[in-house]
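Open the model in your viewer and keep the sequence panel beside it. The stops below say what to select and what is there.

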Amino acid sequence: MPAEWIWRNGEMVKWADATVHVTTHALHYGSSVFEGVRAYSTPQGPAVFRLQPHTRRLLNSAKIARIDVPFSEDALNEAILETVRRNGHEACYIRPLVFRGAGVLGVEGRKNPTEVIIFTLEWGRYLGKEAIENGVDVQVSSWRRLAPDTGASMAKIGGQYVNSQFISMEAHDNGFAEGIALDYAGTISEGPGENIFVVMNGVIYTPGIGASILHGITRDSVITLAQEMGYEVRFETIPREMLYVADEIFFTGTAAEVSPVRSVDRIQIGAGKRGPITEALQTEFFAITSGEKPDRHGWLTPVRQAVAGD
């Protein structure tokens, strides 16, 4: 269900009042950048997971897209916390969005005003409740990720997500829960909204940032946990066929969290269910985000007591 309040350009407005004009530049040309952030329920109250890295990536995306943002990182951090507080969430998904508003109608939109909004909603498991334990069936998509000189994969730019929509729609039309995209060279890139990890012989493989992937914050967190737990993590080019003979595969992302893959192109992966390394990483990840284990990396920002910049 939508929350009652949305932060817009420094003020709280009602959900129904957070509208834009039909000439808004972002509607026509995809000139927006955004983030997906989660707040988790903990014994100390709601806490936002990796707040500062998300806000910093939002601003970096805007920098790449040449969109001027009229708010500082600290101001955006506090606005996110205040939106969660105002809506009374114990846990929620948070969507900050920066976009070019109404003004000049043309591809060059830098004369248009910048709009900034933050809204929250209660959103469960992105790939379904069962996905966390049982895994999902996926396909390798016929759509490829953008080549390095045709887009900016490190930026979460709204217009670039048309590519993700093609991948996701094709997978759903073919009876799969999700798709996996190849990069411009024909090797594994990522899902439409998730990074991917492949486990073989106890080693964890994941594509490097040169494979047209988003530099995922949940990805970074899971890599940190894996290395702490003694697993070797390799950043390598992954050929498509490696998926079929993998022991385990899992996705990571703010929405997907840590979600196992049980089959690719109808070929069973490992035992056809969540594998032991995936389970171990899930357990550690959720123990930290739930407050069950100490937040040893400072990943959680308490909503009720926090001050921006803490």
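**Stop 1: helix H8**

Select Phe286, which sits in helix H8 (residues 276-289). This is a predicted model. Phe286 counts as buried because its relative accessibility is 18%, and the cut-off for buried is under 20%.

Is Gln282 buried or exposed? At 2% relative accessibility, Gln282 is buried. Show its side chain, which reaches the backbone oxygen of Ile132 at 2.7 Å. Beyond neighbours within four places in sequence, the contacts of Gln282 are Ile132, Val258, Ser259, Pro260 and Arg274.

**Stop 2: the largest nonpolar core**

Select Trp7, Val33, Val48, Ile67, Ile94, Val98 and Ile118. The largest nonpolar core has 25 residues, and these are the ones that touch the most other members. Which elements each supply at least two residues of this core? They are strand S1 (5-8), strand S4 (37-42), helix H2 (51-64), helix H3 (73-86), strand S6 (92-100) and strand S7 (114-121). H3 gives the largest share, five residues.

Next, center the view on Trp7. Setting aside residues up to four places away in sequence, Trp7 touches Met12, Phe71, Leu76, Ala79, Thr83, Val116, Ile117 and Ile118.

**Stop 3: two arginines with positive phi**

Most residues other than glycine have a negative phi. Select Arg50, in the loop between strand S5 (45-49) and H2. Arg50 has a positive phi, near 55 degrees. Arg50 is buried, with a relative accessible area of 13%.

Then move to Arg66, in the loop between H2 and H3. Arg66 is not a glycine either, and its phi is positive at about 60 degrees. Whereas Arg50 is buried, Arg66 counts as exposed, because its relative accessibility is 56%.

**Stop 4: helix H5**

Select residues 161-173, which form helix H5. Its 13 residues reach 18 Å from the first C-alpha to the last, close to the 18 Å expected at 1.5 Å a residue. Color Asn163, Ser164, Ile167, Ser168, Glu170 and Ala171, the buried residues of H5. Look down the helix axis: the buried residues fall within an arc of 160 degrees, so they line one face of H5. What do the buried residues of H5 pack against? Show strand S8 (136-144) and strand S9 (178-182) to see their packing partners. Just after H5, Gly175 has a positive phi of about 90 degrees.

**Stop 5: helix H6**

Select residues 217-228, helix H6. The 12 residues of H6 should span 16 Å at 1.5 Å a residue, and the end C-alpha atoms are 17 Å apart, which agrees. Buried in H6 are Ile217, Thr218, Arg219, Ser221, Val222, Ile223, Leu225 and Ala226. Just after H6, look at Gly230, where phi is positive at about 95 degrees.

**Stop 6: confidence**

Color the model by pLDDT. The mean for the protein is 95, and 96% of its residues reach 70 or more. Finish at residues 306-310, where the pLDDT is below 50. Beyond near neighbours in sequence, this stretch has 10 contacts in the model. Where pLDDT is low, the predicted coordinates should not be read in detail.

Note on methods:
Residues are numbered from 1 along each chain as its sequence is written. This is a predicted model: local features need pLDDT of at least 70, side-chain atom pairs count only at pLDDT 80 or more; totals for chains, interfaces and linings use all residues. Side-chain values use heavy atoms; hydrogens and water are left out. Helices (H or I, at least four residues) and strands (E, at least two) are DSSP runs, numbered from the N terminus. The expected span of a helix is 1.5 Å times one less than its number of residues. Buried means under 20% relative accessible area, exposed over 50%, partly exposed in between (1.4 Å probe, protein chains only). The arc is that of the directions from the helix axis to the C-beta atoms. Contact means heavy atoms within 4.5 Å. A nonpolar core is a set of buried Ala, Val, Leu, Ile, Met, Phe, Trp, Tyr and Cys residues joined through side-chain atoms within 4.5 Å. pLDDT is the predictor's confidence in each residue, from 0 to 100. A polar contact is a pair of N or O atoms within 3.5 Å; within protein, one must be able to donate a hydrogen and the other to accept it, and residues adjacent in sequence count only if both atoms are side-chain atoms.
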